[in-house]
Amino acid sequence: MNKEKYIEDIKDIKDMMNRSSRFISLSGMSGICAGVFSLIGAYLAYETIYSDQEYFEYRWTNLTNESLIILLAIALGVILFSLITGIYFTTRKAQKINQKLWDQHTKKYLINLSIPLISGGILSLILLLEGYGGLIAPLTLIFYGLALVNGSHFTLKETRSLGIMEILLGLLATYFVGYGLIFWAIGFGLLHIIYGAFMYFNNKI
Amino acid sequence: MKNILKDLNKAFENKVRLGIMSALVVNDSLNFNTLKKLLGVTDGNLASHIKSLEKSEYIMVQKEFIDRKPNTKYSATEEGRDALVKHIKAIEQLLK
């Protein structure tokens, strides 16, 4: 009777189930980077929208066409930089743990992530153009959370609880519409950094 | 204690066979090369373990052709799934 052998067997079974069915190369580091870029983006957006208002009071926004374009540029910049660093760290992790970056699991993960993400993105864009800018922050948080939960069956399980947190935060932000940017900074900035660090240390990479 | 030992499956005492079953229960099917890469074993080694699992009727073999090249896919049978679940439960009991 050898306890250690069985403990190792259980570990092997879990490891094999994960490796053979999930996209496990997702790096916590990419979460941390996305969080940092989001905070920078939120700061720049803050400067653009609220440059002459009190810090902790209810906010109203007066979006001119010009500031709208700046905001979209900031958002695109955040997405682009997050994607680049995300792909970089994930590629590096895949090499380290000897996994193929692009296989059927990566594909399944991305497809399942994209469905809520793209729907939410298009919806937000339409609302923004129709003048409902205040709903953008809550909606992007909610749809991003739904995307994470939907994709979590195909990747590291931590992303599921991150998704649920984003949804809750988005719902709160819908109630406190004027504080959208703060919720946005917490959801995309802080939560990403916290979960990224957690995933990084939890998975030792 | 005796009951627990009865549920421990001899077929899964080997690491390669345990690995094959673990991978197959969470996938609809996997082909030979994917299994080989996942487990990091040689062709001959994998083939012999697959054969023994096939004999126990824990896995099913499907042969098909992709671009005229043979592609053999393996999947876990209902029996195989049950056997692995029982085995895992038995180990958990033992470790308690």
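Figure 1. Buried means under 20% relative accessible area, exposed means over 50%, and partly exposed lies in between. The model shown here is predicted. Glu57(B) has a relative accessible area of 49%, so Glu57(B) is partly exposed. Glu57(B) sits in the loop between α4 and β2 (59-66) of chain B. Its phi is positive, about 60°, although Glu57(B) is not a glycine. Arg68(B) lies in the loop between β2 and β3 of chain B. Its relative accessible area is 80%, so Arg68(B) is exposed. Phi of Arg68(B) is near 65°, a positive value in a residue other than glycine.

**Figure 2. Chain A is built from helices.** The secondary structure of chain A comes to 7 helices and 0 strands. Read from the N terminus, the order is α-α-α-α-α-α-α. The C-alpha atoms of chain A fill a box of roughly 70 × 30 × 25 Å along the principal axes. Chain A has 205 residues, and 43% of them count as buried. Take the contacts in chain A between residues at least 6 apart in sequence: 75% of them join residues at least 24 apart.

Figure 3. Chain B has 5 helices and 3 strands. From the N terminus on, they run α-α-β-α-α-β-β-α. Along the principal axes, the C-alpha atoms of chain B fill a box of roughly 50 × 25 × 20 Å. Of its 96 residues, 44% count as buried. Among contacts in chain B between residues at least 6 apart in sequence, 55% join residues at least 24 apart.

**Figure 4. Chain B and chain A meet at an interface.** Between them, the two chains bury about 1,700 Å². Carbon and sulfur atoms account for 70% of that area. Chain B brings 20 residues to the contact, and chain A brings 17 residues. Which three residues of chain B supply more of its buried area than any other three? They are Lys15(B), Leu38(B) and Leu95(B), which supply 31% of the area that chain B buries against chain A.

**Figure 5. The largest nonpolar core draws on both chains.** This core holds 33 residues. Phe12(B), Ile20(B), Met21(B), Leu35(B), Leu39(B), Leu46(B) and Ile50(B) touch the most other members. Helix α1 of chain A gives two or more residues to this core. So do α2 (15-25), α3 (32-39), α4 (43-55), β3 (69-76) and α5 (78-95) of chain B. The most comes from α2(B), with 7 residues. Now look at Ile50(B). Neighbours within four places in sequence aside, Ile50(B) is in contact with Ile20(B), Phe32(B), Leu35(B), Ile59(B) and Tyr74(B).

**Figure 6. Leu141(A) belongs to a second, separate core**. This core has 18 residues, including Leu141(A), Tyr144(A), Phe183(A) and Leu191(A). Leu141(A) is found in helix α5 (residues 136-151) of chain A. Is Leu141(A) buried or exposed? Its relative accessibility is 0%, so Leu141(A) counts as buried. Leave aside its neighbours within four places in sequence. Leu141(A) is then in contact with Glu166(A), Ile167(A), Leu169(A), Gly170(A), Ala173(A), Phe183(A), Trp184(A), Gly187(A) and Phe188(A). Thr174(A) is 33 residues from Leu141(A) along the chain, and their C-alpha atoms are separated by 9.8 Å.

**Figure 7. The second largest pocket is lined by 16 residues**. About 550 Å³ of space lies in this pocket. Asp15(A), Asn18(A), Ile24(A), Leu156(A) and Asn203(A) are the lining residues closest to its centre. Helix α1 (residues 3-21) of chain A gives the largest share of the lining, 5 residues. By type, the lining divides into 4 nonpolar, 4 polar and 8 charged residues.

**Figure 8. The largest cavity is lined by residues of chain A**. How many cavities of 30 Å³ or more are there? The count comes to 1 cavity. The largest cavity has a volume of about 40 Å³. Its lining is made up of Arg19(A), Arg22(A), Phe23(A), Ile24(A), Ser25(A), Gln99(A), Lys100(A), Asp103(A), His105(A) and Thr106(A). These residues divide into 2 nonpolar, 4 polar and 4 charged.

Note on methods. Residues are numbered from 1 along each chain as its sequence is written. Chains are lettered from A and ligands numbered from 1 in the order in which they are written. This is a predicted model: local features need pLDDT of at least 70, side-chain atom pairs count only at pLDDT 80 or more; totals for chains, interfaces and linings use all residues. Side-chain values use heavy atoms; hydrogens and water are left out. On a 1 Å grid over the protein atoms alone, a cavity is a set of points where a 1.4 Å probe fits but cannot get out, and a pocket is an open set with protein on both sides within 12 Å along at least five of seven lines; lining residues have an atom within 4 Å of a point. Grid points are joined across faces, edges and corners, and a volume is the space filled by probe spheres set on the points. Helices (H or I, at least four residues) and strands (E, at least two) are DSSP runs, numbered from the N terminus. Ala, Val, Leu, Ile, Met, Phe, Trp, Tyr, Cys and Pro count as nonpolar, Asp, Glu, Lys and Arg as charged, and the others, Gly among them, as polar. A nonpolar core is a set of buried Ala, Val, Leu, Ile, Met, Phe, Trp, Tyr and Cys residues joined through side-chain atoms within 4.5 Å. Buried means under 20% relative accessible area, exposed over 50%, partly exposed in between (1.4 Å probe, protein chains only). Contact means heavy atoms within 4.5 Å. Buried area is the accessible area (1.4 Å probe) that two parts lose on being put together, summed over both.
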